[in-house]
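Here is a walk through one protein model and its ligand. Keep the sequence and the 3D view side by side as you read.

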Amino acid sequence: MLKDKVAVIYGAGGAIGSAVARAFASAGAKLFLTGRHLAPVEVVAQDVVSAGGSAEAAEVDALDEQAVDKHLQSVIDKAGRVDISFDAVGIANTKILGVPLVELDVEQFSLPIATYSTSYFLTARLAARHMIPNRSGVIMTVTALHSRTGIPLVGGYGPAMAAKEALTRDLSAELAPHGIRVVGLRPQAMPETRTIKEAFEPRAKASGLTWEQWQESLASRTHARRLMTLEEMADMAVFMASDKASGMTGTTVNLTMGSLDD
Ligand SMILES: NC(=O)c1ccc[n+]([C@@H]2O[C@H](COP(=O)([O-])OP(=O)(O)OC[C@H]3O[C@@H](n4cnc5c(N)ncnc54)[C@H](OP(=O)(O)O)[C@@H]3O)[C@@H](O)[C@H]2O)c1
């Protein structure tokens with residue numbers, strides 16, 4: 001579905017970034033994988049290459065405009081264009097969750113809002129500048145159901161996710177006339193990821209639940225009574241990045257399996 005598409009992934013060493021990278025590679029994309037630290041990104045790139053795919057790793061801080069710009073220029077020099085930009089950057093939940101809003105200091109409140117919206121804005125804006133002349137491209141990111149529903153003890157994470165979804169709509173409104181689609185994915189927590197386990201296992205224990213009981217309680221809110229897997233999320237990313245989704249732009253796909261009504 002993505003044969004010969006040139007894809008850049010930010011935060012590619014993380015749970016979502018690496019799952020999307022592997023799925024994009026299986027679908028035939030040429031990957032340029034980036035992250036704040038090179039080592040985890042290199043592991044993913046080596047896996048992709050060992051499986052017969054095409055991937056290069058680079059250290060790029062997605063909050064550093066010059067670094068993102070320079071890397072994109074190197075992608076253009078090597079591959080001639082960029083077709084897909086996917087921002088999967090994430091900051092540790094343990095740094096931002098767990099404090100009641102009335103006790104939260106401004107810095108901790110602002111951290112997710114600034115990090116998530118700025119990295120998405122920068123990576124999208126710079127990719128778009130290379131996509132506009134080709135009249136083609138897909139800009140993607142990932143959010144969470146906090147964008148649309150009230151959840152306690154999540155600090156600035158909910159406003160950060162809402163900001164990214166608003167930016168998806170606004171980018172699309174400006175870029176779709178140039179042939180560029182902008183779409184987001186909104187999965188529910190996937191407990192197989194280290195990020196979710198690290199943030200929620202201690203909180204489950206504190207409220208007297210085992211890790212398994214916490215997952216069951218989350219799953220019970222879905223229509224399917226189960227949580228989505230990383231593989232299912234990545235398969236949807238492939239579809240949304242592909243020309244088969246040419247009718248989708250300016251929206252975030254609800255992957256919460258019924259937890260969150262549209
Ligand atoms: N996991 C889930 O179940 C889930 C569900 C819904 C939504 N989400 C959202 O999806 C996103 C990614 O989640 P995840 O579970 O994949 O997190 P993750 O495993 O922690 O991955 C995040 C990646 O982003 C990298 N990163 C952080 N800051 C960066 C920067 N400035 N520049 C470049 N790379 C940077 C991290 O690199 P370092 O580790 O080297 O800093 C890490 O590799 C987050 O927005 C999260 O809220 C996750």
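Two strands pair if DSSP finds at least two bridges between them. Strands (E, at least two residues) and helices (H or I, at least four residues) are themselves DSSP runs, numbered from the N terminus. This is a predicted model, so local features need pLDDT of at least 70 and side-chain atom pairs count only at pLDDT 80 or more, while totals for chains, interfaces and linings use all residues. Residues are numbered from 1 along each chain as its sequence is written, and side-chain values use heavy atoms, with hydrogens and water left out.

Start at strand S6, residues 180-187. S6 pairs with strand S7 (residues 251-255) in the parallel sense, over five bridges. Here leucine 185 stands opposite valine 253 in S7. S6 also pairs with strand S5 (residues 137-142), again in the parallel sense, over six bridges. In this pairing methionine 140 faces valine 183 of S6. From S5 the chain runs through helix H6 (residues 157-175) to S6, and this β-α-β crossover is right-handed. That means that, with the strands pointing away from the viewer, the path from the first strand over the helix to the second runs clockwise.

How enclosed is S6 by the rest of the structure? Eight of its eight residues are buried, so S6 is largely enclosed. Buried means under 20% relative accessible area, exposed over 50%, and partly exposed in between (1.4 Å probe, protein chains only). In a regular strand the side chains alternate between the two faces of the sheet. Ile180, Val182, Gly184 and Arg186 point one way from S6, and Arg181, Val183, Leu185 and Pro187 point the other way.

Now look at the loop between S5 and H6, where threonine 143 lies. Threonine 143 counts as buried because its relative accessibility is 5%. Its contacts (heavy atoms within 4.5 Å), leaving aside neighbours within four places in sequence, include Leu185, Arg186, Pro187 and Thr252. The side chain of threonine 143 also makes a polar contact with the side chain of glutamate 165, at 2.6 Å. Such a contact is a pair of N or O atoms within 3.5 Å; within protein, one must be able to donate a hydrogen and the other to accept it, and residues adjacent in sequence count only if both atoms are side-chain atoms.

Finish at the ligand. An oxygen atom of the ligand is 2.5 Å from a side-chain N or O atom of histidine 37. A polar side-chain atom of threonine 195 lies 2.6 Å from a ligand oxygen atom.
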